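Reader: I have a structure to look at and some terms to sort out. Can we go through them together?

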Amino acid sequence: MKKNYLNMLLSFCVLVMVNCQGQIQKEALNQIQVIGSHNSYKIPIEQPLWEYLFEHDSRTAESLQYGHPSLTEQLNLGLRNLELDIFHDPLGGRFANPGGIEIVKKRGAVPLPFDEKKILEQPGLKMFHVQDIDFRSHQLLFKNGLKELKKWSDKNLNHTPIIILINAKDSQVPQTKKPLPFTTAALDSIDMEIKSVFPLEQLITPDMVRGDFPSLENAILEKGWPELGSVKGRFLFVLDEKKEKIDRYIKNHPSLKNRMLFVNSPEGNPEAAFRIINDPVKDFDYIKELVTKGYMIRTRADAGTKEARTMDYNRFEKAKASGAQVISTDYYIPSQLFPSQFQIIFKDGSYERMNN
């Protein structure tokens, strides 16, 4: 009798495991929660230049006191979200001589080597944080950053989809080189550079998610996002911009037809699917509501180095509890630039999990 009971129990456990495994395979893309990095390409500002900035504006200098290892190292750690800032430079050379290097020299210091291969002379989208001030980057060309991501992906074929946020930067910063505006043609170049590196089979595009639905928003609200198992090994790009630039990007592409990037459009718009809502404390209920409806959300666990300096995890706890699928941080590993043990990581020591 006891043996029969044990056999029945074993059979039940095996059945449960099979069902659970089947359920895992059916989990959708929006049912994961991943930790990623903010300004993922960024190399820290060298000390003499940072000290100069601190003397002139200590608050801004402190907000810029962070950096990251290479994109490959971040992916190897387990991050599945990155953020890339790009500048329009169709002729090349516009950002080839950062003013910050001269500041370092005037302070009697020797600047660290910079762009020795003259990469910035090449035409195409450039990748760094702030012209003249925060200009050091693991990949100065956007296209080279994409190639690095593809190379890693090709060696790790079954990885969880990697979500890439794109900031198309053209704001003027006082006393720095004026960037070129992101016109429609400039925005088109983002798609062109992505398509020059990635085949469609490695991308999650608005067309793929929308399918036969009349709009992208209809698709994610009625059908939902693709099954996770069907989109492993792929990249999803999002244009993290405001309405003016988004409207330019959408023009002649209703519901993002034939576009490579999702956009940060509010719900109620045909292209709405992925939202950027960076404050999980103030907007906690709003994020939860959108997640429940089926939108994907990116939020932030920290900003401007503040939480790392005060060991404040409240924002991270709210981000997790909100259900936001993407949580961005500067501190997936503790800072090496000032004393702090602040680290954003899930309790099991990983950077991705199924969304609770």
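Author: What follows is a short talk about the terms used for this predicted model.

Reader: Why is W225 called buried?

Author: Buried means under 20% relative accessible area. W225 has 5% relative accessibility, so W225 counts as buried.

Reader: Why is the pair of W225 and F262 called tilted?

Author: Their planes are 40° apart. Under 30 degrees would be stacked, and over 60 would be edge-to-face. The angle falls in the rest, so the pair is tilted. The centres lie 5.6 Å apart, and the cut-off for a pair is within 6.5 Å.

Reader: What does that pair tie together?

Author: W225 lies in the loop between α9 and β5, and F262 in strand β6. The pair therefore ties together parts that are 37 residues apart in sequence.

Reader: How do you know that Y331 and F342 are edge-to-face?

Author: Their planes stand at 80°. Y331 and F342 both sit in the loop between β9 and β10, 11 residues apart.

Reader: Why are Y331 and F342 called buried?

Author: Y331 has 2% relative accessibility, and F342 has a relative accessible area of 0%. The cut-off is under 20%, so both count as buried. Y331 and F342 also belong to one aromatic cluster with Y313 and F338.

Conventions: Residues are numbered from 1 along each chain as its sequence is written. This is a predicted model: local features need pLDDT of at least 70, side-chain atom pairs count only at pLDDT 80 or more; totals for chains, interfaces and linings use all residues. Side-chain values use heavy atoms; hydrogens and water are left out. Rings of Phe, Tyr and Trp (its six-membered ring) pair if their centres lie within 6.5 Å; planes under 30 degrees apart count as stacked, over 60 as edge-to-face and the rest as tilted. Helices (H or I, at least four residues) and strands (E, at least two) are DSSP runs, numbered from the N terminus. Buried means under 20% relative accessible area, exposed over 50%, partly exposed in between (1.4 Å probe, protein chains only).
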